[in-house]
Amino acid sequence: MTEARMEQLTDNCVRRAVELLAIDSPTCYTWMAAEHVADAFRSMGLEPEMTRKGGVLVCLNPEAGAEDAVLLEAHLDTLGGMVAEISGAGRLYLTPLGGMEPNNAEGENVRIVTRSGKVYTGTFQMRNASVHVNGDYHTAKREYKGMEVVIDEEVSSREDVEKLGIMQGDIVCFDPRTVVTPSGYIKSRFLDDKLSVAILLELAAQAAAGELALKRRVWVHITVFEETGHGGSASVPDGVCEAISVDMGCVGDGLACDERKVSICAKDSGGPYHYEVVSALIEAARRGGADFAVDVYPFYGSDVEATLRGGHDLRHGLIGPGVYASHGYERSHRKGVCNTLRLLWAYLS
């Protein structure tokens with residue numbers, strides 16, 4: 001493949017990611033993003049199905065033999081919040097959905113989604129957030145019991161908030177603040193894992209168009225409960241012998257990956273990945289000309305580990321574009337996207 005063609009495919013991936021990032025999808029509130037993904041697969045002439053959990057499962061080449069199939073898993077659900085309590089002053093106290101760190105989210109704009117579908121805006125702040133009033137502002141610990149959502153409506157009591165239709169259990173979506181810089185950096189909340197979902201969508205588009213010749217049957221599962229630990233635990237088609245989680249690659253102290261590389265994980269907090277799969281991914285990266293790193297992640301768990309915990313007997317691996325500041329305001333680069341695409345292309349073709 002020419003460099004110009006690879007650049008074009010990378011552009012497509014970035015465009016798809018920006019579209020996905022604009023659709024709120026914290027864990028358990030993913031149906032709109034899932035429908036977007038399913039519609040994208042349908043536009044390619046593929047036949048996706050919705051799992052009972054609300055994920056999207058599709059076969060890229062159903063004409064291929066069912067044995068020794070590979071399953072690619074990426075997750076559409078993101079971090080977020082849920083209304084746990086409405087204060088007497090009309091503020092919202094949250095419980096996190098997934099690992100949303102309050103110190104990373106302070107001052108962020110949010111959307112509160114009611115059960116009737118009405119959406120209100122607000123800001124996630126520490127309580128008593130005015131520096132000129134709160135003498136403990138600089139030293140106060142940023143934790144959920146000390147944080148609140150200030151609603152952009154004229155409310156001053158619990159009753160005022162309830163009249164808006166807001167109640168406990170409502171979903172709170174944090175603004176992703178997506179920016180793509182002229183230098184190729186992609187900055188946004190929730191690149192984990194919408195960036196890799198976009199890569200798999202483009203990979204599927206090229207397979208459906210006949211540009212990517214797959215050597216065995218390939219399934220794609222876009223999961224929707226990864227951030228709470230059970231996204232990939234079910235919906236494994238018959239004949240799948242290998243599953244690869246396409247998630248984010250970690251970037252940080254002690255790791256070789258950066259935002260411009262594709263990361264191949266050899267071990268994370270769930271233990272080592274299958275030795276033969278990791279070795280084959282390394283060989284494919286070299287064969288495909290991908291700039292890659294092999295790393296050990298100290299604090300990480302993936303969809304494919306949930307698949308194994310679900311009792312499925314298969315080989316497993318984990319790759320992804322390098323992402324810095326995970327679970328915060330994240331940053332990657334189009335080169336990381338391109339290298340992930342190169343690796344997958346070489347591995348599957």
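A disulfide is a pair of cysteine sulfur atoms within 2.5 Å. It is a covalent bond between the sulfur atoms of two cysteines. The tour starts with this term.

The structure is a predicted model, in which local features need pLDDT of at least 70 and side-chain atom pairs count only at pLDDT 80 or more, while totals for chains, interfaces and linings use all residues. Residues are numbered from 1 along each chain as its sequence is written, and side-chain values use heavy atoms, with hydrogens and water left out.

**Stop 1: the cysteines**

Select Cys 250 and Cys 265. The sulfur of Cys 250 has its closest cysteine sulfur in Cys 265, at 7.4 Å, which is too far for a bond. Cys 250 has a relative accessible area of 11% and is therefore buried (buried means under 20% relative accessible area, exposed over 50%, and partly exposed in between, with a 1.4 Å probe and protein chains only). Cys 13 is buried, at 0% relative accessibility. How many disulfides does a search of the whole structure find? The search finds 0.

**Stop 2**

Select residues 334-348, which form helix α8. Helices (H or I, at least four residues) and strands (E, at least two) are DSSP runs, numbered from the N terminus. The expected span of a helix is 1.5 Å times one less than its number of residues. For the 15 residues of α8 this gives 21 Å, and the end C-alpha atoms are 21 Å apart, which agrees. Of the 15 residues in α8, 13 are buried.

Now select strand β19, residues 330-333, together with β11; the two pair in the antiparallel sense over 4 bridges. Two strands pair if DSSP finds at least two bridges between them. Lys 187 has Arg 331 of β19 as its bridge partner. On β10, Val 179 stands opposite Lys 187 in β11. Strands β10 (residues 179-180) and β11 (residues 185-188) run antiparallel and are joined by 2 bridges. They form a hairpin with 4 residues between them, and Gly 184 in the turn has a positive phi of about 100 degrees.

**Stop 3**

Select β6, residues 108-113, which is joined to β7 by 6 bridges and runs antiparallel to it. Arg 111 stands opposite Thr 121 in β7. The hairpin of β6 and β7 has 5 residues between the strands, and Gly 117 takes a positive phi near 95 degrees. Strand β9 (residues 171-174) is also antiparallel to β6, with 4 bridges, and Ile 171 in β9 is the bridge partner of Val 113.

**Stop 4**

Most residues other than glycine have a negative phi, and most peptide bonds are trans. Which residues does a cis peptide bond join? The bond lies between Asp 192 and Asp 193, with omega about 10 degrees, and Asp 193 is found in helix α5.

Select Ser 235 next, in the loop between β12 and β13; its phi is positive, near 65 degrees. Ser 235 is partly exposed, at 29% relative accessibility. His 327, in the loop between β18 and β19, also has a positive phi near 65 degrees. His 327 is partly exposed, at 24% relative accessibility.
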